[in-house]
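Below are my notes on the model you sent, as numbered points.

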Amino acid sequence: MNHEEIKAQVTTFLTRSLRTKELKEDDNILELGLVHSLFMIQLIMFIEKTFHLELEEEDLDMDNIKTVRDLVVLIERHQTTGAEI
């Protein structure tokens, strides 16, 4: 899956799940107050299932998951290193 496809998948999931009409690539979903702990679990499950990878504890640092851009970078890094499940 290429960069644009990953970005589209992540953006679609976030806008649908957070019920927001528009989410820019650099919008901080944590600062916007759109995210709660249960949603973070749903987000992790979405990433692992959709992109066939397993996130490690260090991946869950808030700096890695606060924007669409961060999430895409995280997913691409896992795809590059072959850390799939």
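1. Confidence by element. In this predicted model, the protein chain has its lowest confidence in helix 3 (residues 62–65), with a mean pLDDT of 88, and its highest in helix 2 (residues 37–51), at 94. Here pLDDT is the predictor's confidence in each residue, from 0 to 100. Helices are DSSP runs (H or I, at least four residues) numbered from the N terminus.

2. Confidence overall. The average pLDDT of the protein chain is 89, and 95% of the residues score at least 70. Where pLDDT is low, the predicted coordinates should not be read in detail.

3. Ground rules. Residues are numbered from 1 along each chain as its sequence is written, and side-chain values use heavy atoms, with hydrogens and water left out. Local features need pLDDT of at least 70 and side-chain atom pairs count only at pLDDT 80 or more, while totals for chains, interfaces and linings use all residues.

4. Salt bridges. How many salt bridges does the count come to? The count is 6, taking a salt bridge as a side-chain nitrogen of Lys or Arg within 4 Å of a carboxyl oxygen of Asp or Glu. Side chains of opposite charge can pair when their charged atoms come close.

5. Lys7 and Glu4 form a salt bridge, with 3.7 Å between the closest N and O atoms. Both residues belong to helix 1 (residues 3–18) and sit 3 residues apart, about one turn of the helix. Lys7 is partly exposed at 21% relative accessible area, and Glu4 is partly exposed at 48% (buried is under 20%, exposed over 50%, partly exposed in between; 1.4 Å probe, protein chains only).

6. Arg69 and Glu25. These side chains meet in a salt bridge at 3.6 Å, N to O. Arg69 is in helix 4 (residues 68–81) and Glu25 is in the loop between helix 1 and helix 2, so the pair ties together parts 44 residues apart in sequence. Arg69 is partly exposed, at 38%, as is Glu25, at 23%.

7. Arg69 and Asp26. Arg69 also forms a salt bridge with Asp26, the closest N and O atoms being 2.7 Å apart. Asp26 lies in the loop between helix 1 and helix 2, so its pairing with Arg69 of helix 4 ties together parts 43 residues apart in sequence. Asp26 is partly exposed, with 48% relative accessibility.

8. The network. Which residues are linked in a network of salt bridges? They are Glu4, Lys7, Glu25, Asp26 and Arg69.

Note on methods:
Helix = DSSP H or I, 4+ residues; strand = E, 2+ residues; numbered from the N terminus.
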